[in-house]
Amino acid sequence: MTDAAADAPIPKPDAGDRARPERQEPLLAADGSPLKKSLQRSLRRQKLRAFGLVAPLLLFVLVTFIAPIADMLFRSVENQIVSETLPRTVVALEQWDPEQDELPSEDTFLAMAYDLVEAQELKIHTRLGTRLNYETTGISSLFRRTGRGVDDFGEIYLDQFEDLNPNWDEAGPWVDLVADEGWEHPAPFEPSERFAALMSETAAAYASFARAIQQGSDDNPREEEPWAPVHMALYHDLMRTDPGAIAAYEGPRAEMLREARAAVEGFESQPVREMFVAEEEDWLDPEVWATIKTFSPPYTPGYFLTSVDLKLSPDGEVVAQDEDQRIYMLLFQRTLFMSLMIMGCTILLGYPIAYLISNLPLRTANLLLILVLLPFWTSLLVRTSAWKVLLQQQGVINDTLVWIGLVADDARLTMINNQFGTIVAMTHILLPFMILPLYSVMKTIPPSYVRAAKSLGATNWTAFWRVYFPQSVPGIGAGCILVFILSIGYYITPELVGGTTGTFISNRIAFHISSSLNWGLAAALGTILLVVVLVLYWVYDRIVGIDNVSLG
Amino acid sequence: MSGPPIYATTPQRIWYYGFRVLCGVIFFFLIAPILIIIPLSFNAENFFTFTPEMLRFDPEGYSLKHYRDFFTNPDWQQALWNSVRIAPAATLLAVTLGTLAAIGLSQPHVPYRRAIMAILISPMIVPLIISAAGMYFFYSRIGLQGTYVGVVLAHAALGIPFVIITVTATLVGFDRSLTRASASLGADPVTTFFKVQMPLILPGVISGGLFAFITSFDEVVVVIFVGSANQQTLPWQMFTGLREQISPTILAVATILVAISILLLMTVELLRRRSERLRGMSPG
């Protein structure tokens, strides 16, 4: 099936033109169409067939692998949770300037009350609290605790309306008052246009209540009394609406509205800010509001800044992270340092082996190569468990040292759960990746060069260092990049033998995914690591060529 | 080995043997950790070191109890069963799609060959922890996280680069006139593929498949994130065992895995020699 198009001639688009003088007619193919055109058609068909064979796999890899990577990149900047959970507050905060060192306006507090009461019914306020807690500690508990009391915000109005007419604390009359005539429960709640035109704040507050209980706990608004913030909205609306407009209103339950309008002037009132402060003092801290404002855009560089020990200050400026939270640069440095150490160790150990194998007769060399490939083929976990067993305080190496008498029984060496353990185990695991590229380069160095150098009077060392070594440098380069790339992304071995001082950035990524659940930060750290690896691979491709990757 | 040339001076002799001793030490470093777990897995005690009985070669010091534990403990059996269920499915998927694509890529006119190749090889290049993180995020979005299908798809994606590389390498030496001859004798493309091309590239396909199999069978980072407790594989079980309560049963499992990898290594080596012989290269 590869070459079913073989009966078509090999496409040489210009051959026909060149072979004959221009004035002659174009060559025709068997079916009478111009040869050039028919060649192009066959070429196109070949391309299509080749692409058709590749397409299923390409699609497969795009869906199962490339899409996840793209998703990770997206998550490292995505931040829609704030504007989705607190839509009104985000809008209200746009007017507020954190530099002024004042608290946001009363309207902002009101918007926050409406947002928060809806969010706590949908049980998403704690998620937002956790998210903002990454930026300013304490917000998580602030949201959680305020969430418990927020549906009583405006209770002062609820009580006064209820005293006036008990219907104000009943579910049915509220639905009659606000709902659109055609609306029935399972459909999402719709306020009537007439009512919304008259009392927009109340309509919005009640609609948000009704939809939240429909969505959050699948309740019927006809059976649930609205929460207190709705009564707060009613009070605000009644205060600002002209009595004449209410007198002219003809919707259902209009008499309740008229009665309330007449009484509302004498009601006791309370600023929303006081309700918040009564719940939690921290709402008076402008930093809380500034954090919400800073992280309200749908995309944020915040996770990337955290990854390099910077942060967005509440004023929106990039500043250094607090002293006690600067860990990521240290981790990146450690990852870099240990990867370089491992790389150095694999060169030191791999070079002699590769040299030996490439200078031995083929039969012996093949035997030794199998010894190199055996660890390469052995399960990673087998090798890691071997090192865990060997390096333990009660392990084979310590036992041997004690038996020889080099180490006292009560002063056994600590070789595991530190950097030493990680470096030893990973050098062992990555050594074949250094030996194989070195060997494939050394095999091609003609031995006659060294002999020529010696015959011209070079000492063994000079012949090696001036003639042989420079020719093996491409192998060292290839091996180094390969080992380095593999080691900076390693997870399993550092996790098992690294303890706390021998862990890599990858262990931190795993920690943020499975323990701290800070997925955005995990994604940002992963993106940085990915960029480093891709740049190194690009270098590798320029030096060695990706196509030259061989598998033993 | 033949030893140093007879005309070598004493320092040259010292260097010659010294270098070999050095290489011997490095080989010891390379092989000994793997071999040492084999005798330790027969330990009669729950220790990770040689007991005095073992050093005296006393039969009392050796036992098969850790192997018995592996074959009777339901946790290990479930893990083994999961590994056996996941790896072949992932291999089959990777080999089928990978071989087709490798054949497509080896045709003379493929648009955007470099870009396509880069995409197909990328699962091998990207560090596993990043693949695992991305797959965890994306698969939980589309409901594949924690399912058997999700793990198989993820492992297949990781195995595909190996299939592509080995099969493309085999196709480089493939003589295209054979398919033309077959077509001129009246075979349709499908018959040509199965009767002419497939038998010739089979060694490459099989060793690609073995690489894909070992990738999935050994893989632990991605399965930890993409899988759930129901997909706990052997390496995962070993990982948990090593991290929490280290039990010598792990050594028995490790020994079994070493035996499997020696078998696989021999198969790949034999296939490689056979393919080189078929292509008229020196068998070495």
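Modeller: Let me begin with a term: contact means heavy atoms within 4.5 Å. With that rule, 90 residues of chain A are in contact with 94 residues of chain B. This is a predicted model, in which local features need pLDDT of at least 70 and side-chain atom pairs count only at pLDDT 80 or more, while totals for chains, interfaces and linings use all residues. Residues are numbered from 1 along each chain as its sequence is written, chains are lettered from A and ligands numbered from 1 in the order in which they are written, and side-chain values use heavy atoms, with hydrogens and water left out.

Biologist: How much area do chain A and chain B bury between them?

Modeller: About 8700 Å², with 80% of it on carbon and sulfur atoms; buried area here is the accessible area (1.4 Å probe) that two parts lose on being put together, summed over both.

Biologist: And how many salt bridges does the rule find across the interface of chain A and chain B?

Modeller: The rule, which asks for a side-chain nitrogen of Lys or Arg within 4 Å of a carboxyl oxygen of Asp or Glu, finds two across that interface. In a salt bridge between the chains, the side chains of Asp71(A) and Arg141(B) meet at 2.8 Å, N to O. Helix H2 of chain A (residues 35-75) gives 24 residues, the largest share of the side of chain A that touches chain B; helices are DSSP runs of H or I with at least four residues, numbered from the N terminus.

Biologist: What kinds of residues make up that side of chain A?

Modeller: They divide into 65 nonpolar, 16 polar and nine charged, where Ala, Val, Leu, Ile, Met, Phe, Trp, Tyr, Cys and Pro count as nonpolar, Asp, Glu, Lys and Arg as charged, and the others, Gly among them, as polar.

Biologist: Are Arg75(A) and Asp71(A) buried or exposed?

Modeller: Both are buried, a label for under 20% relative accessible area, with exposed meaning over 50% and partly exposed in between (1.4 Å probe, protein chains only).

Biologist: Where do Arg88(A) and Glu118(A) lie?

Modeller: Their side chains meet in a salt bridge at 3.3 Å, N to O, and the pair links distant parts of the chain, with Arg88(A) in helix H4 (residues 87-93) and Glu118(A) in helix H5 (residues 106-121) of chain A, 30 residues apart. Arg88(A) is partly exposed at 28% relative accessible area, and Glu118(A) is partly exposed at 23%.

Biologist: Why call H5(A) largely enclosed by the rest of the structure?

Modeller: Because 13 of the 16 residues of H5(A) are buried. Just after H5(A), Lys123(A) takes a positive phi of about 60°.

Biologist: New topic: what about Asp237(A) and Arg240(A)?

Modeller: Their side chains meet in a salt bridge at 2.9 Å, N to O, and both lie in helix H12 (residues 228-240) of chain A, three residues apart. Asp237(A) is buried, with a relative accessible area of 2%, whereas Arg240(A) counts as exposed at 55%.

Terms used. Helix = DSSP H or I, 4+ residues; strand = E, 2+ residues; numbered from the N terminus.
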